[in-house]
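User: I am new to this structure. Could you please take me through some of its features?

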Amino acid sequence: MTPTTPTKHTGRTLAAGVLTGILALYIALVALGNITDFGTNQQFVRHVLAMDTTFKDDDLMWRAITSTALQDTAYVLIIAWETVAAVVLVWGTWLWARREHDRARRFSTYGLLMLLLLFGAGFIAIGGEWFAMWQSKSWNGLDAATRIFLLAGVALIVNQLPPGRRDAS
């Protein structure tokens, strides 16, 4: 069998494709929403980076970024990252549907790692801890970020499961 020869779907490969597709749809809708309704989440990013709804602890406030130009640059970079992740995950989903399992697994892995980096490193670690987003009652996205981080992690695990005999035949 060559790596591009389509194989039958098994429960594992179907699950990997469906999970990848769900996350592709989600991040594509997020990116589209951020592009078409730029101002809503722009305010979220501005408030988190400015730390203006945190406890205003002098030991932490030096971390705040109050330049709107820097805040907006960060937001545009987030949207660009989301858009690229969406494209990669859509491609991975397409490859799962075509039963090109090796390529599907590779591209899905890239896209899922992009989501883990964005939501884990970006929103949970940097936003949540460095910019103390957890302190804000108004601009706290940790629950949403954690949900997507966990779903992407589960999808990555399923994508990385070793192929069964039916997958390899």
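User: Is V18 buried, exposed or partly exposed?
Analyst: V18 is partly exposed, with a relative accessible area of 44%. Buried means under 20%, exposed over 50% and partly exposed in between, with a 1.4 Å probe and protein chains only. This is a predicted model, in which local features need pLDDT of at least 70, side-chain atom pairs count only at pLDDT 80 or more, and totals for chains, interfaces and linings use all residues. Residues are numbered from 1 along each chain as its sequence is written, and side-chain values use heavy atoms, leaving out hydrogens and water.

User: And which helix holds V18?
Analyst: V18 lies in helix α1. Helices are DSSP runs of H or I with at least four residues, numbered from the N terminus.

User: Moving on, which residues of α2 are buried?
Analyst: They are Q42, F44, V45, H47, V48, L49 and A50. Their cover includes α3 (68-97) and α4 (101-130), by contact, meaning heavy atoms within 4.5 Å.

User: What follows α2?
Analyst: M51 does, and its phi is positive, near 55 degrees.

User: How many aromatic pairs are there?
Analyst: The count comes to 6 aromatic pairs. Rings of Phe, Tyr and Trp (its six-membered ring) pair if their centres lie within 6.5 Å; planes under 30 degrees apart are stacked, over 60 edge-to-face, and the rest tilted. One of the pairs is W62 with W130, edge-to-face at 5.4 Å centre to centre and 90 degrees between the planes.

User: Where do W62 and W130 sit?
Analyst: W62 is in the loop between α2 and α3, and W130 is in helix α4, 68 residues apart. W62 is exposed, at 58% relative accessible area, while W130 is partly exposed, at 39%.

Note on methods:
Helix = DSSP H or I, 4+ residues; strand = E, 2+ residues; numbered from the N terminus.
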